[in-house]
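Trainee: Could we go through the enclosed spaces of this model together, along with the backbone around them?

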Amino acid sequence: MGGQVSASGGVQSLPRSMNMNANADWMSALCPRLWDVPVHHLSIPGSHDTMTYCLNKKSPISHSQSWLLQLLGKLLPCVTQPMVLKWSVTQGLAVTEQLDAGVRYLDLRIAHMPKGPDKNLHFVHSVYTTALVEDTLTEISEWLESHPREVVILACRNFEGMTDDLHEYLVACIKNIFGDMLCPRGEVPTLRQLWTRGQQVILSYEDEGSVNQHPELWPGIPYWWGDQVKPEELVRYLERMKSDGRPGGLFVAGINLTENLGYILVHPSESLRKMTLPHLPYLSTWVRAQSPGPGARCTNVIAGDFIGADTFVSDVIGLNQKLLWG
């Protein structure tokens, strides 16, 4: 089944507290009363920086990083690349494994590498991935064909190094790969409506020009990113966001911790994984206290790091039972 990608590029096993295929068809298994609830009022598990499991320590550091870090990457790659990599990997499961585990929101950060082939688009998080965007979208499409009553929300964002021509190329790939699976933007549908139409993909695209030209694309989905090292500070941030009221449509509450330079300097032997895993029980307590629905303090998508390391996915799915209590 997959494992955690280590800073050295190897794979380490993640602890398992659940059957990783147990939630492969959780949407179709929901109580029929929930089939008529708009998707933005359901509780949906997501993965933050979905594609970081395949970051490549041999790839160049992202062009969006500081000039100093890029210079160090060129002068001292054997030192700089592993250091950057271990703070960039947020997932250990491959995309199909994440879908099998029940993840239904995928955070896809897309880039064109400088001096790379014209039509080769990669994923990026400080370092470029080995995986190509077109291949990954095809893999997702094939999974959906095998799970015809599951729906995914794909958030295409970042778009580092993307020209207008590359946007047009990517949108053409999206339409070709997903075809009638794409749900055109409009009022957020229910599962029953999507199933009736044979639609399985809501695709948000954080480029306004492309969205204006293509009705198959939805505008960018708000993501509550706390940018916090300490889980207590992250929870305080999320509670402040909730107190301001939920967005009107789909939105994401990110329970992912974020390192900063000060933390890295004090903990040079650690990694994002080592920083995150001990705090997952605390963050899971917050997750289990949430409620989906239309209320001002309700949550929708909840996205986390290191999917499969605990019961996060099942906890988020389980929140939908609260919709039956009213």
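Mentor: Asp 49 lies in the loop between strand 3 (44-47) and helix 1 (67-75), where strands (E, at least two residues) and helices (H or I, at least four) are DSSP runs numbered from the N terminus. This is a predicted model, in which local features need pLDDT of at least 70, side-chain atom pairs count only at pLDDT 80 or more, and totals for chains, interfaces and linings use all residues. Residues are numbered from 1 along each chain as its sequence is written, and side-chain values use heavy atoms, with hydrogens and water left out.

Trainee: Is Asp 49 buried or exposed?

Mentor: Asp 49 has a positive phi of about 45° although it is not a glycine. Its relative accessible area is 2%, and under 20% (1.4 Å probe, protein chains only) counts as buried. Asp 49 is therefore buried.

Trainee: Which elements give two or more residues to the lining of the second largest cavity?

Mentor: The lining of the second largest cavity includes Asp 49, Leu 108 and Val 124, a cavity being a set of points on a 1 Å grid over the protein atoms alone where a 1.4 Å probe fits but cannot get out, with lining residues having an atom within 4 Å of a point. The elements that give two or more residues to this lining are strand 4 (105-111) and strand 5 (122-125).

Trainee: What is the volume of the largest cavity?

Mentor: Helix 11 (residues 280-288) gives the largest share of the lining of the largest cavity, four residues. Volume here is the space filled by probe spheres set on the grid points, which are joined across faces, edges and corners. For the largest cavity, the volume is about 80 Å³.

How values were computed
On a 1 Å grid over the protein atoms alone, a cavity is a set of points where a 1.4 Å probe fits but cannot get out, and a pocket is an open set with protein on both sides within 12 Å along at least five of seven lines; lining residues have an atom within 4 Å of a point. Buried means under 20% relative accessible area, exposed over 50%, partly exposed in between (1.4 Å probe, protein chains only).
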